[in-house]
Amino acid sequence: MKYYNLALRLRPTKPSLDLSSSLVLRAFPFPHTQIRLSPRRPRGLPVNGILLVPYDSRERAMTMNPSVPTPMEVDDTKSYVSNQATHKFSINVLQLLKSAQLQHGLRHGDYARYRRYCTARLRRLYKSLKITHGRGKYTRRAITESTVTEVRFLHVLLYTAERAWSHAMEKRQLPDGPNAKQRIYLIGRLRKAVKWATLFSQLCSIKGDSRTSLEAEAYASYMKGSLLFEQDKNWDIALMNFKGARAVYEELGKYGDLENQVICRERVEELEPSIRYCLHKIGETNLQTSELLHIGEIEGPALDLFKAKLEAVMAEARSQQAASLTELCWLGHRFPITNAKTRVSILKAQDLEKDLNGSSAYSIPEEKKLVMFDKIFAAYHDARSCIRNDLVSAGTAENVKDDLNGLDKAVSALLGQRTIERNQLLVSMAKSKLNKRRDEKNEKVTKPEELVRLYDLLLQNAADLSDLVSSGRDRKPEEVSFMEECTVKSLAFRAERCFYLAHSYGLAGKRAEAYALYCHARSLAEHALKQCYILDKSDQTLIKELKVLCDECRSNSCIEHATGILEELKVPENLSKKISAISLHPTDNKSKKLLDKLDVYESAAGDSSLKLVPQIEAFPPPFVAVPRNPIFLDLAFNCIDFPSLESRMKNEKKGFLRSFWG
């Protein structure tokens, strides 16, 4: 068979490959290889799709000259460029941002942490893409259509917009709100976010697929709407942007996997309050200012600007209403309110109390009520701090000081009442989980000891409130009746605490203690019922709860009594069974210890069929019979009459003088 030399010059079309050497192959016909070196037909012998030519000096010169491109290289370069031009990038923008926000601070509203993450992410992207801005002097590197050769360039634009937006939101969340200078800086950062989001949308429309382009357009529309929302102008344009983003997310929520559909629907719900607020500002709806509070119940980063704006609107409305709030009425006393900040704080707390005690209170979830209680506490604490600042600046004016002290006492009493109500809400939440087992959500089951601790807090709150009300010099009838109500509540709390303490003893198997505590709880509940009937304005809810408590105490005491008697009757039987089961020899032959199997080659982990933990030696060691000296029990010693031995005793003879002197 005739051999041919095959000379190949392999030059890479991608810079990442390094094939710069010539390969000279001395080969047989290749049956499994399909390579065409040239589109033209040179001289030589074709064998199975490979053109074999004699290796002479001309081919040697061509292979040794790397500057001469072959037709194969030109064709490959053209195909690579065409693939780069037609390739479309894909980014799931909303899912990417949602996961980044929840993992890096926005789950708890920490925008500073999220901004630091965006900065670190951009630094890593710049380093991996080799986008340098010069050393010393900053040289701007623009990202254009020709620059975007991979998807990470689009990530640079997206995270730059997110960094500017998070910085603006960080300024928005300052404790006292942004001042004029900080507000200008905030709006500037939002403008930066709009700029980068618009550039991101433009490049995604060229370089990205259809879904990526739509999501980028919705993201840019949301950023533009947020900027106009913060600037308090062009509400119609802001409404148009928000509606455009909502329409895109509604359509995207119909396709894709389940996770993507849920995220899109959540974003639609987050955009809805902003759209309604824009309609309210334009005047296309008859929405009242007080009804705006019920819009922002959805949680999410997209609602933070809306909530800040809503809080500002409500603060303005309260400041207008506070002009009519000139005094606080409490238990027959009227205390004047001169400070505007105190008025606004008290009015805010009263509005929240109306929502808690209104007709729609039953539809509010318990977690939401706890949040509302926290807001009430914050409002009353703000009012107390303002009152005490006024006391410091009051000087020597006795009348003003008396009014401020009375107002401070009234606000403190209101705060104590709301604290009792909040702890009662916690008790009701704990009672609902007392007799439950762990469900699919793996919720924590309440123990009776936790209810005992909650009732300890309620007893302390009731005692503090009673001491605060009784601290005045001139008591009015309203104050006396309020103190009597506190006393009845304390009795009811004591009865409830004793009941759950007995329940905990019953679970521990202490029947006698549980029976005694149930009886004591019943006597306390009956005494509280008598006091409720004596009062003029008795609480019907409290009376119903006390009646139920009396019935439960009676039934549980009977159960504990009967269970204790049964256990007492079974004690001898159980004791005899346990004694009969005592043996000096181990009865469990399945679980041999490792020291008993030293001569057998077996795994130290034990037998896989037995669900027992392998042991080296039994501990504590078993009883072993050992020889002992006999123990003699002399039972007849006290019953024997021994003979007298006085006759055998020696009598000493004493002289006269010795007997005289002893």
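User: Which side chain does Arg 246 meet in a salt bridge?
Analyst: In this predicted model, Arg 246 forms a salt bridge with Glu 272, at 3.0 Å from N to O. The pair links distant parts of the chain, 26 residues apart: Arg 246 sits in helix H8 (residues 235–252) and Glu 272 in helix H9 (residues 258–282).

User: Arg 246, buried or exposed?
Analyst: Arg 246 is buried, because its relative accessible area of 18% falls under the 20% cut-off. Glu 272 is partly exposed at 30%.

User: How many salt bridges in the whole structure?
Analyst: The search finds 20. Among them is Arg 211 with Glu 215, whose closest N and O atoms are 3.3 Å apart.

User: Where do Arg 211 and Glu 215 lie relative to each other?
Analyst: Both are in helix H7 (residues 210–231), four residues apart, so about one helical turn separates them. Arg 211 is partly exposed at 25% relative accessible area, while Glu 215 is buried at 2%.

User: And what about Arg 152?
Analyst: The side chain of Arg 152 meets that of Glu 150 in a salt bridge, 2.8 Å from N to O. Arg 152 is partly exposed at 28% relative accessibility, and Glu 150 is partly exposed at 27%.

User: Which residues are linked in a network of salt bridges?
Analyst: Lys 98, Arg 267 and Glu 270.

User: Switching to strands. How do E5 and E6 pair?
Analyst: E5 and strand E6 (residues 333–336) are antiparallel, with four bridges. Cys 329 stands opposite Arg 334 in E6. The hairpin has two residues between the strands, and Leu 331 takes a positive phi near 50 degrees.

User: Which E5 side chains are buried?
Analyst: Leu 328 and Trp 330, which point to one face of E5 (residues 327–330).

User: Next, H11. What caps the N-terminal end?
Analyst: Asn 339 does, with a side-chain oxygen 3.1 Å from the backbone nitrogen of Lys 341.

User: What should H11 span?
Analyst: At 1.5 Å a residue, the 18 residues of H11 (340–357) should span 26 Å, and the end C-alpha atoms are 26 Å apart, so the two agree. Buried residues in H11 include Ile 346, Leu 347, Leu 352 and Leu 356, along with Arg 343 and Glu 353.

User: Last one: which residues make the nonpolar surface patch?
Analyst: Ile 565, Leu 566 and Leu 569 make a patch of about 310 Å². Leu 566 is in helix H17 (residues 540–569).

Conventions. Residues are numbered from 1 along each chain as its sequence is written. This is a predicted model: local features need pLDDT of at least 70, side-chain atom pairs count only at pLDDT 80 or more; totals for chains, interfaces and linings use all residues. Side-chain values use heavy atoms; hydrogens and water are left out. The expected span of a helix is 1.5 Å times one less than its number of residues. Buried means under 20% relative accessible area, exposed over 50%, partly exposed in between (1.4 Å probe, protein chains only). A polar contact is a pair of N or O atoms within 3.5 Å; within protein, one must be able to donate a hydrogen and the other to accept it, and residues adjacent in sequence count only if both atoms are side-chain atoms. Two strands pair if DSSP finds at least two bridges between them. Patches are made of residues with over 30% relative accessible area and no salt bridge: like charges are joined within 9 Å, nonpolar side chains (Val, Leu, Ile, Met, Phe, Trp, Tyr) within 5 Å. Accessible areas come from the Shrake-Rupley method with a 1.4 Å probe; for residues, only the protein chains shown count as cover. A salt bridge is a side-chain nitrogen of Lys or Arg within 4 Å of a carboxyl oxygen of Asp or Glu.
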